[in-house]
Amino acid sequence: MASTRLERASSAGFTLLEVMVALVIVALGMMAVNTQLGRYAVGAARIEEKTLASWIATNKITELSVQNGWPEIGEQEEELEFAGRMWHLRTEIFETQVPNLRRVEVAVSFSESPDDVVHEVMGLVEPPPPRGFVPASWLPPAVEAGG
């Protein structure tokens, strides 16, 4: 009877070695989770930067396409504040083989590192319409009454 009590007592719990192995496994798992969370945070920040830079670049091309004058060929650089950060824009305007189109390339970077481009966008800009220009109607012609 005494031997069965000893057997029950010794098989009722974990040994120190088993507990230590379990703790090592849990610690390794937590380190892997921590590493992945760090990678996720860095990736999310990079995606945010690229999205903001894309918006800035497309806004610049839109601005050039709706202005009253034809954009000058050449390179322009400017700084602007957007979403709480300072950004550097490099805009290059080129002639194309089509006489009424110009190619615009906009490179966006942070002001503190203007050579490290976050995002680039290319677009085409046409000249402004002549004074008094009436755009063609895309609506079908009206059906005359009584016809």
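This report walks through the fold, the sheet, the salt bridges and the surface of the structure above.

The model is predicted, so local features need pLDDT of at least 70 and side-chain atom pairs count only at pLDDT 80 or more, while totals for chains, interfaces and linings use all residues. Residues are numbered from 1 along each chain as its sequence is written, and side-chain values use heavy atoms, with hydrogens and water left out.

**The overall fold**

Let us begin with the chain as a whole. The protein chain has 2 helices and 4 strands, and from the N terminus on they follow the order α-α-β-β-β-β. Helices (H or I, at least four residues) and strands (E, at least two) are DSSP runs, numbered from the N terminus. Of the 147 residues, 17% are buried; buried means under 20% relative accessible area, exposed over 50%, and partly exposed in between (1.4 Å probe, protein chains only).

**The sheet and its helix**

The strands make an open sheet of 4 strands in the order β1-β2-β3-β4, with antiparallel pairing. Strands β1 and β4 (113-125) stand at the edges with a single partner strand each, so one side of each has no neighbour in the sheet. From one strand to the next, the twist averages 25°. Two strands count as paired if DSSP finds at least two bridges between them. Strand β1 (residues 74-82) and strand β2 (residues 85-95) are joined by 9 bridges. In this pairing, E77 has R90 as its bridge partner in β2, and E81 stands opposite M86 in β2.

β1 and β2 form a hairpin with 2 residues between them. Most residues other than glycine have a negative phi. A83 is exposed, with a relative accessible area of 52%.

Helix α2 (residues 16-66) lies across β1, β2, β3 (102-110) and β4, and runs at about 45° to β4. Axes are lines fitted to C-alpha atoms, for helices over the stretch in contact, and angles run from 0 to 180 degrees between N-to-C directions.

**Charged pairs**

The structure holds 7 salt bridges, each defined as a side-chain nitrogen of Lys or Arg within 4 Å of a carboxyl oxygen of Asp or Glu. The table lists some of them.

| Salt bridge | Closest N and O atoms |
|---|---|
| E49 with R85 | 3.9 Å |
| K60 with E78 | 2.8 Å |
| R85 with E112 | 3.1 Å |

R46, E49, R85 and E112 are linked in a network of salt bridges.

Not counting residues up to four places away in sequence, K60 touches Q76, E78, L89, T91 and V106, where contact means heavy atoms within 4.5 Å.

**The surface**

The accessible surface of the protein chain comes to about 11,500 Å², with 62% belonging to carbon and sulfur atoms. Such areas come from the Shrake-Rupley method with a 1.4 Å probe, and for residues only the protein chains shown count as cover. F14, L16, V19, M20 and L23 make a nonpolar surface patch of about 570 Å². Patches are made of residues with over 30% relative accessible area and no salt bridge, with like charges joined within 9 Å and nonpolar side chains (Val, Leu, Ile, Met, Phe, Trp, Tyr) within 5 Å. L16 is exposed, with a relative accessible area of 66%.
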